[in-house]
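Dear colleague,

Please find below the structure that I am handing over to you, together with its sequence.

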Amino acid sequence: MSESRTDARCACGALRLTLHEPPQLTALCHCFACQRRTGSTFSANAFYAAECVDVSGPSQEFTRTADSGRKVRMYFCPSCGSTLYWKAEASPGMVGVAVGAFADPAFAPPALSVFEQSKHDWVQLDGTVEHFECLPTGR
């Protein structure tokens, strides 16, 4: 079975997303919540208009409160535990998707790197990414 590059899936394949448009934004986040969510030093995230995202398979929801005080609903596979996507109250018309869930080395590179105030010193990014200490306003 061939996998579409417009599909994201969890590690076991039970939870899948089909995306019908390209992402509106791809960004890296270095906040502590993303570090804990991914188990890595930062997260790579693609953001899509909610209406172009189809979800199939079972998911479990975990809701956390962001530093802004707003809720973020994270959806993960109840079988393998992979966090696949999330919805934030701050951006109600958008769905965030973990870029690694596409398993596509040619995926669109990040345009932004946010919350660099908590970026690990040894993480080096090239000059094509816009750098922000916190979350940029007006985006």
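Phe47 stands opposite Gly96 in strand 9. The model is a predicted one, and this pairing belongs to the antiparallel contact between strand 4 and strand 9, which extends over five bridges. On the other flank, strand 8 (residues 83–88) and strand 9 (residues 94–98) also pair in the antiparallel sense, over two bridges. Gly96 is the bridge partner of Trp86, and Val97 is that of Tyr85. Strand 8 and strand 9 form a hairpin, with five residues between them. Strand 9 is largely enclosed by the rest of the structure, because four of its five residues are buried.

These strands belong to an open sheet of eight strands with mixed pairing, in the order 6-7-8-9-4-3-10-11. Strand 6 (60–65) and strand 11 (130–131) stand at the edges; each has a single partner strand, so one side of each is left without a neighbour in the sheet.

At least two lining residues come from each of strand 3 (25–29), helix 1 (32–38), strand 4 (43–49), strand 6, strand 7 (71–76), strand 8, strand 9 and strand 10 (112–114). By class, the lining of the largest pocket divides into 24 nonpolar, 10 polar and six charged residues.

The second largest pocket has a volume of about 210 Å³. Its lining consists of Arg37, Thr38, Ser40, Phe42, Ser43, Ala44, Thr83, Ala98, Val99, Gly100 and Ala101. Helix 1 and strand 4 are the elements that give two or more residues to this lining. Five of the lining residues of the second largest pocket are nonpolar, five are polar and one is charged.

Two individual residues were also examined. Gln35 lies in helix 1. At a relative accessible area of 11%, Gln35 counts as buried, because the value is under 20%. The side chain of Gln35 reaches the backbone oxygen of His30 at 2.7 Å, and a polar contact of 3.1 Å joins it to the side chain of His120. Apart from residues up to four places away in sequence, Gln35 touches His30, Ser40, Thr41, Phe42, Ser118 and His120. Of these, Ser40 and Phe42 are also among the residues lining the second largest pocket.

Lys71 is located in strand 7. Its relative accessibility is 32%, so Lys71 counts as partly exposed. The side chains of Lys71 and Thr65 are joined by a polar contact of 3.0 Å. Beyond neighbours within four places in sequence, Lys71 is in contact with Thr63, Arg64, Thr65, Lys87, Ala88 and Glu89. Lys71 and Leu28 are 43 residues apart in sequence, and their C-alpha atoms are 20 Å apart in space.

With kind regards

Notes:
Residues are numbered from 1 along each chain as its sequence is written. This is a predicted model: local features need pLDDT of at least 70, side-chain atom pairs count only at pLDDT 80 or more; totals for chains, interfaces and linings use all residues. Side-chain values use heavy atoms; hydrogens and water are left out. Two strands pair if DSSP finds at least two bridges between them. Ala, Val, Leu, Ile, Met, Phe, Trp, Tyr, Cys and Pro count as nonpolar, Asp, Glu, Lys and Arg as charged, and the others, Gly among them, as polar. On a 1 Å grid over the protein atoms alone, a cavity is a set of points where a 1.4 Å probe fits but cannot get out, and a pocket is an open set with protein on both sides within 12 Å along at least five of seven lines; lining residues have an atom within 4 Å of a point. Grid points are joined across faces, edges and corners, and a volume is the space filled by probe spheres set on the points. Buried means under 20% relative accessible area, exposed over 50%, partly exposed in between (1.4 Å probe, protein chains only). A polar contact is a pair of N or O atoms within 3.5 Å; within protein, one must be able to donate a hydrogen and the other to accept it, and residues adjacent in sequence count only if both atoms are side-chain atoms. Contact means heavy atoms within 4.5 Å.
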